[in-house]
Amino acid sequence: MNEAFGWTLDQYIYFGAYPGAADLIDDEARWKNYIRNSIIIPSITKDILLLTKVNKPALLQQLFELGSHYSAQIVSFNSMLGQLTDAGNTTTLTSYLELLSQSGLLAGLQKYSGSMIHTKGTTPKFQVFNNALMTANLNLTFEQARRVLYPMRTVLLIILQNERILQRKNSKSCKNHL
């Protein structure tokens with residue numbers, strides 16, 4: 001995004017990486033409107049609701065909103081049941097989260113364990129696929145969020161560094177096996 005649009009890392013963290021919205025960041029209200037009305041709502045209404053039978057579409061929307069608000073956080077489905085209208089049970093929430101994940105909006109990351117027994121039934125960590133999906137619903141401007149998001153930048157840099165190290169180790173490991 002830096003090469004394409006001249007964005008700083010802070011802008012990338014806040015505005016995400018949807019190129020169609022890149023020209024709108026100078027008018028944040030318009031940018032947020034674009035993200036909601038051109039990406040989030042069509043993804044839910046056209047990609048999910050038109051292609052899959054969903055008994056409680058309002059619950060699906062609420063799950064996305066709550067999950068994107070708590071992105072990068074662990075929230076148990078049982079505690080969410082009290083915050084969602086007509087939530088039903090955790091099985092419904094799990095299936096709706098899977099639909100949101102398949103459409104590229106919101107995933108529920110399970111705790112890593114080498115054993116399938118230990119990962120089944122763990123509380124997922126919500127993660128939006130693009131930060132724009134989270135920040136478009138914030139009541140903070142970029143400048144206000146920048147103060148809050150600054151620690152995220154440090155975490156992102158550490159994650160990127162760790163990914164590079166793992167990629168190097170994996171490529172060396174693959175070469176050793178050949």
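Colleague: What's the mean pLDDT of the protein chain here, and what share of residues reach 70 or more?
Modeller: The mean is 83, and 83% of the residues reach 70 or more. pLDDT is the predictor's confidence in each residue, from 0 to 100. This is a predicted model, where local features need pLDDT of at least 70 and side-chain atom pairs count only at pLDDT 80 or more, while totals for chains, interfaces and linings use all residues. Residues are numbered from 1 along each chain as its sequence is written, and side-chain values use heavy atoms, with hydrogens and water left out.

Colleague: Where is confidence lowest, and where highest?
Modeller: Lowest in helix α7 (residues 116-119), with a mean of 56, and highest in α3, at 95.

Colleague: OK, how many helices and strands are there?
Modeller: The chain has 9 helices and 2 strands. Those are DSSP runs numbered from the N terminus: helices are H or I with at least four residues, strands are E with at least two. Starting at the N terminus, the order is α-α-α-α-α-α-β-α-β-α-α.

Colleague: How much of the chain is buried?
Modeller: Of its 178 residues, 32% are buried. Buried means under 20% relative accessible area, exposed is over 50%, and partly exposed is in between (1.4 Å probe, protein chains only).

Colleague: Which residues touch the most other members of the largest nonpolar core?
Modeller: Trp31, Ile35, Phe64, Met80 and Leu100, out of 38 residues in that core. The elements giving two or more residues to this core include α2 (9-15), α4 (57-69), β2 (125-128) and α9 (142-177). The largest share, 6 residues, comes from α3. By nonpolar core I mean a set of buried Ala, Val, Leu, Ile, Met, Phe, Trp, Tyr and Cys residues joined through side-chain atoms within 4.5 Å.

Colleague: What is isoleucine 35 in contact with?
Modeller: Leaving out neighbours within four places in sequence, isoleucine 35 contacts Tyr18, Ala21, Ile40, Ala132 and Ala136. Contact means heavy atoms within 4.5 Å.

Colleague: Switching to helix packing: at what angle do α4 and α6 pack?
Modeller: About 70°, with the axes 10 Å apart. The axes are lines fitted to C-alpha atoms, for helices over the stretch in contact, and angles run from 0 to 180 degrees between N-to-C directions. So α4 and α6 are roughly perpendicular to each other; that label covers 65 to 115 degrees, while under 35 is roughly parallel, over 145 roughly antiparallel and the rest oblique.

Colleague: Which residues meet there?
Modeller: From α4 there are Leu59, Leu60, Leu63 and Phe64, and from α6 there are Thr92, Leu93, Tyr96, Leu97 and Leu100.

Colleague: And valine 54, buried or exposed?
Modeller: Valine 54 is buried, at 13% relative accessible area. Valine 54 sits in the loop between α3 and α4.

Colleague: What about serine 68, where does that lie?
Modeller: In helix α4. Serine 68 counts as buried, at 1% relative accessibility. Beyond residues up to four places away in sequence, serine 68 touches Leu106, Val128, Leu133, Met134 and Asn137.

Colleague: Last one: what is phi of alanine 72 near?
Modeller: Near 70°, a positive value in a residue other than glycine. Most residues other than glycine have a negative phi. Alanine 72 is in the loop between α4 and α5, and is partly exposed with a relative accessible area of 46%.
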